[in-house]
Amino acid sequence: MSEYWARYWKHRATRRRFLGGAAAATAGAAGLALVGCGDDEEGATPTAAPASPTAAGPTPTPTPVDPFANAKRGGILNVASTGDPPTIDPYGNLSFLTKGFAAYVYSRLFMYEAGPGIAYGENRPTPDLAESAEPNADGSEWVIKLKPNAKFHNVAPVNGRNVTIEDVKFSWGRMTAETTPNRSQVAFVDKVEFPDATTVKFTLKRPNAAFLDVLADANLFWIMPKEAEGGFNPAEKAIGSGPFILKEYVASQAMTFDSNPSWHFEGFPLIAGVKLAIIPEYATRLAQFLAGNLDVVDINPNDLAQARDQVKDLQLIGIVPQLLSFIYFDPKPNTFWRDPRFRRAVSMALDRDALTDIGYNVKKLRDAGFDVASPWNNIIPAGFTRWWLDPKSPDMGEGRAYFEYNVAEAKKLLEAVGYKGEPIKYQYTANRYGSTFNNIAEVTQAYLAQAGINVQTEVQDYSSVYITQTFVGNFDGIAFGYETPFPEGGSYLIRFFTDDPLNHGKVNDPQLKEIALKQQATIDEEERRALFHEAQKINGVQMYYVPNQAGAGTTWTGIQPWVKNAVEFTLYNTPGYGDPTETVPFIWLDRA
Amino acid sequence: MQRYLLRRLLLMVPTLLGISFVVFLMVRLVPGDVVTLISGDYGAADPEAKKAILKQYSLDQNIPKQYALWMSDILQGNLGRSIISNRTVISELQHRLPVTFELGVLALIVSVSIAIPVGIISAIRQDTLTDYAGRSFAIALLAAPNFWIAIVLITLASRYFTWGVPPREYIHFTDNPIGNLKMLAMPAFILGGALSGSVMRYTRSAMLEVLRQDYIRTAWAKGLRERVIIVRHALRNALIPVVTVIGLQVPVVVGGTVIIESVYSIPGMGRYYVSAINQLDYPVIQAIVLVVALVVVFSNLVVDMTYAIIDPRIRYS
Amino acid sequence: MAEQQAAAILEQYALRPEAPFATRLWRALRTFVVHKPLGTFGAVVIVLLLTFAAFPGVFATHDPNAIAPLDRYQGPSAAHWFGTDQFGRDVYSRIVYGARTSIIIGFGVVALSATLATLIGVISGYFGGWFDMLAQRLVDIAIALPGLVFIILVIQTLLDLPVLLRLILALGVLISFGLSRVVRGAAIATKQFQYVEAARVIGAGDLRIVFRHILPNVVAVVLVGASIQVGGAILIESSLSFLGYGVQPPTASWGRMLNEAREQMIRAPHLAIFPGLAIFFAVFAFNMFGDALRDVLDPRLRGSR
């Protein structure tokens with residue numbers, strides 16, 4: 001077992017491997033100081049690599065092309081953000097804007113690996129501030145060694161000193177403080193000990209197969225210097241050990257980052273800095289990109305054709321994000337949806353292909369020559385290729401029929417249940433998730449009505465009604481929303497089917513509960529995947545939660561032609577919000 | 001005169017106090033709270049965390065106590081700390097306020113420059129084609145939703161004339177006055193144009209009223225030229241109510257900059273104010289309302305002072 | 001002889017029987033049209049909007065909520081006069097149905113604000129005293145208060161009422177404060193007139209004076225101010241939709257349509273053009289009509305004609 005763990009994270013091609021190759025082949029090319037990493041750690045052949053049934057990307061074998069040959073140093077990357085981070089203190093707010101900012105400036109113990117050959121969804125945890133992780137026999141104890149020479153930014157009062165155990169201890173204290181709302185995510189850690197100056201030992205209450213993912217989760221454990229309490233205010237100043245140093249932040253306007261010359265991945269970042277402009281309006285962002293003022297932008301699927309026409313040699317990254325939208329039902333007794341037939345009818349009322357087309361413009365894009373994926377979400381979102389079971393696959397068994405668009409059958413089921421058109425409340429929030437979600441929510445209502453379900457739409461304010469009441473199961477009728485985008489797949493099952501307070505529909509199916517708990521402790525990848533598939537099969541039949549298509553289409557990032565390595569490293573597109581650490585340092589600019 | 005000024009200044013105090021109290025209550029009456037937003041998805045299930053955060057920001061005290069705490073802070077010059085960003089409100093506002101202020105002033109200048117000439121000409125040539133054209137123009141500016149114009153312009157710019165795309169970031173006046181004014185020209189025009197409609201209307205009706213007065217008729221009879229009559233006699237009196245209307249535009253400007261700031265990525269207070277409202281960031285909302293009320297009340301005072309200076313009858317009432 | 005001549009002239013002009021009501025109305029209308037073409041244009045548009053609002057089914061070509069995923073983002077054509085939106089819905093039909101929302105908001109806000117403003121303004125202006133002082137301080141506060149917080153408060157709190165009603169309530173109350181100032185001014189001015197004093201001398205009670213003398217003079221002012229505010233209310237509703245408040249799907253409202261069109265400006269400009277034009281014409285019409293009304297009703301402003 002221990003051998004599996006050792007191989008699990010070691011086998012992944014680390015960055016150093018590429019650097020070793022590059023140094024040999026292109027010594028002196030453009031003055032790159034890539035030599036000197038000295039690490040000859042060879043990855044074992046990936047025998048433990050998961051062979052998921054719908055594997056998209058190739059398994060990481062050394063690619064023949066070195067991504068850093070001909071790399072030029074310097075230049076400023078111009079990007080835009082949709083808003084100010086509510087706070088720049090990583091533990092101050094759960095917003096993705098705060099976490100995304102943190103990823104420029106701070107480090108975690110582990111991060112997700114991106115690079116040539118690693119497709120979105122195939123990313124695995126790789127060491128960031130950690131040097132190694134040794135589990136014990138059953139994975140309930142983890143010994144993590146810190147990199148001995150990682151330094152903080154050279155900014156007062158921290159002044160570039162080494163990252164020590166004291167800082168890890170301090171940060172863990174902040175992670176588990178009473179005022180940190182998501183500390184429940186690490187509640188399974190029993191105790192944390194610091195046996196010596198470079199070692200952290202985590203003891204877990206029960207084995208967790210995904211512990212390294214927890215450490216790599218950009219929502220969770222950021223390492224801050226201990227001066228953040230008393231020496232400086234992390235809400236006003238940001239001092240971390242990440243690849244970029246925050247030089248200036250003018251509120252509502254822009255952030256300026258300088259590359260950190262002493263980042264613990266020597267030789268990186270390749271660029272000189274990042275300029276992050278705050279542009280809330282999508283049309284304005286796109287206009288700036290088309291005019292050449294921005295290097296990276298999120299492109300709505302309906303604007304792709306025009307972007308391609310207007311920007312010569314436009315680079316595009318299209319991914320299916322790991323985002324699950326689903327319909328859920330209130331937990332009250334004596335309702336129509338106590339009967340699974342009603343829930344199945346709801347699922348069969350949805351034309352998933354049409355919904356995907358409305359949200360992601362599939363048909364027109366394919367006609368225009370774009371490679372668009374349009375998978376169907378299951379209770380595990382389609383972007384999670386590692387665990388996702390395609391609802392169209394025969395392995396779904398009986399549940400497969402319930403994903404099909406079949407209005408006649410839906411009507412029959414409704415009649416069988418005794419539903420005669422009584423009004424049912426249909427609620428969602430429209431001021432949180434963006435226009436794609438809002439569109440699909442609106443059209444879903446039309447489909448439900450078409451099948452004969454008398455829906456009374458109620459659009460709810462996110463902060464005052466939806467997140468406080470509906471999301472926790474305090475509602476009447478049918479609700480529709482996104483799930484929190486967990487980087488770790490097991491979290492979905494835990495939240496949906498166990499006694500988690502955020503079990504939205506208060507679902508209590510003993511079989512599913514058992515599977516949810518079991519997968520967390522199952523170490524073997526194949527076994528674990530079988531459990532995931534089983535859970536998706538069972539939910540397919542019971543339809544406790546009805547998966548919908550928002551989040552299942554391809555989302556696009558447009559990149560200017562002079563940003564090199566962007567596509568290989570899936571710039572700004574790794575799961576979670578850690579991409580500023582995981583991708584930005586490895587691209588380079590060639591403004592000719 | 002001095003007594004009038006003194007009386008007005010004294011009256012400002014209860015007004016401001018009243019505003020601060022009303023706003024204090026109003027934001028707390030809105031359902032939902034900032035702590036929920038901070039805790040997000042997870043907070044819904046973790047009441048301990050919410051209690052701890054409430055305590056951290058003294059939100060768990062009863063309302064009169066919170067008000068007293070806040071008032072004592074204000075009187076010491078401490079505008080408080082944003083709950084969301086944990087930075088002082090002053091630091092949040094110090095960059096944004098001048099921007100909105102500049103945009104507002106420019107908009108008012110544009111509005112007055114359009115409205116007064118158009119209003120005067122419309123009044124002089126009442127019910128002629130010139131009148132219709134002038135009024136239509138002014139009302140047209142008012143009737144078109146300003147965000148619509150803004151987005152149309154930006155979209156056309158990006159598609160057809162890339163020089164029209166606004167600069168990616170805001171250029172501060174202190175860094176580059178010309179660049180700054182060029183950037184703000186379009187938004188100021190859109191905002192000011194919308195305001196000019198009502199000012200024009202008041203100018204026109206005030207002018208019409210003045211033109212019917214006996215002393216004007218005397219001037220005609222005396223044989224004075226039209227220009228002399230208008231400029232020397234009519235204008236002064238007609239402008240009095242107009243000054244009032246301009247004063248009334250100030251609160252409109254403050255609230256109305258939000259959308260333009262969003263569309264043109266102008267880092268002003270309007271945008272910040274709306275986002276604070278959305279997030280129920282009490283200290284920020286209260287502070288901004290107080291600042292705005294101060295500006296409004298003060299500008300009303302200035303307007304009334306101008307009134308009193310121009311029209312001696314008012315001073316002695 | 002002179003007496004006969006005088007009687008004949010009197011009969012011809014001063015003592016002639018008044019024309020029947022219909023004729024007088026017709027003549028007044030004709031004068032209005034001839035002398036106030038802009039106002040007439042405004043009135044025509046308003047009548048058109050009212051008709052749309054009352055009988056949308058007659059004018060719309062499609063069901064405004066019918067989703068047609070295959071026909072999305074089509075430009076204006078014979079089948080869809082104004083094109084289709086992101087769901088394939090017919091834009092023209094949605095604009096026709098949207099007129100109803102705009103009219104309801106516009107008139108609702110005006111009715112509420114006019115009533116409140118008259119109440120506050122007349123009582124404050126006519127009775128004066130400590131009530132006036134207090135009321136005016138409150139009005140000061142209300143005017144200086146940024147309205148957005150108040151609007152959001154009303155919209156989020158009174159959840160039992162339909163959204164439209166909440167909007168009308170919020171906007172109506174807000175506008176009534178500024179309007180009450182104007183009413184108060186008119187009430188005070190009227191109070192000074194000699195016939196009011198005369199009425200009091202002969203023993204008319206306060207209430208009678210208010211209803212018979214003050215109110216009629218105030219009504220004109222209120223009417224004009226209010227008719228112009230309709231346009232403002234429609235604009236505010238569209239701004240609120242832009243910010244995320246306001247009417248909720250799937251109700252068609254011009255402001256919402258404009259808001260939804262925001263992101264699509266680059267790929268489907270027609271989605272923003274038509275709702276924008278609709279709002280523009282409605283606001284323009286109400287303003288022009290209100291202006292013309294003021295010109296006609298305010299004796300001080302009647303021109304040389």
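Biologist: How many residue pairs are in polar contact across the interface of chain A and chain C?
Modeller: This is a predicted model, and side-chain atom pairs count only at pLDDT 80 or more. With both residues at that level, the pairs in polar contact across the interface of chain A and chain C number three.

Biologist: Which element of chain A gives the most to the side that touches chain C?
Modeller: Elements giving two or more residues to that side are α6 (282–290), α9 (352–360), α13 (435–450) and β15 (455–460) of chain A. The top contributor gives seven residues, and it is α13(A).

Biologist: How do the residues on the side of chain A that touches chain C divide into nonpolar, polar and charged?
Modeller: Chain A brings 25 residues to this contact, and chain C brings 17 residues. The chain A side divides into six charged, nine polar and ten nonpolar.

Biologist: Which three residues supply more than any other three of the area that chain A buries against chain C?
Modeller: Chain A and chain C bury about 1900 Å² between them, and carbon and sulfur atoms give 53% of that. Of the area that chain A buries here, 26% comes from N302(A), I358(A) and E442(A).

Biologist: Now chain B. What area do chain A and chain B bury between them?
Modeller: The contact takes 51 residues from chain A and 46 residues from chain B. Carbon and sulfur atoms carry 55% of the buried area. The total is about 4000 Å².

Biologist: How many residue pairs are in polar contact between chain A and chain B?
Modeller: Again both residues must be at pLDDT 80 or more. The count is five.

Biologist: Which elements of chain A each supply at least two residues of the side that touches chain B?
Modeller: By class, that side has 23 nonpolar, 21 polar and seven charged residues. The elements are β8 (244–250), β10 (273–278), α6, α7 (304–310) and α14 (462–466) of chain A.

Conventions: Residues are numbered from 1 along each chain as its sequence is written. Chains are lettered from A and ligands numbered from 1 in the order in which they are written. This is a predicted model: local features need pLDDT of at least 70, side-chain atom pairs count only at pLDDT 80 or more; totals for chains, interfaces and linings use all residues. Side-chain values use heavy atoms; hydrogens and water are left out. Contact means heavy atoms within 4.5 Å. Buried area is the accessible area (1.4 Å probe) that two parts lose on being put together, summed over both. A polar contact is a pair of N or O atoms within 3.5 Å; within protein, one must be able to donate a hydrogen and the other to accept it, and residues adjacent in sequence count only if both atoms are side-chain atoms. Helices (H or I, at least four residues) and strands (E, at least two) are DSSP runs, numbered from the N terminus. Ala, Val, Leu, Ile, Met, Phe, Trp, Tyr, Cys and Pro count as nonpolar, Asp, Glu, Lys and Arg as charged, and the others, Gly among them, as polar.
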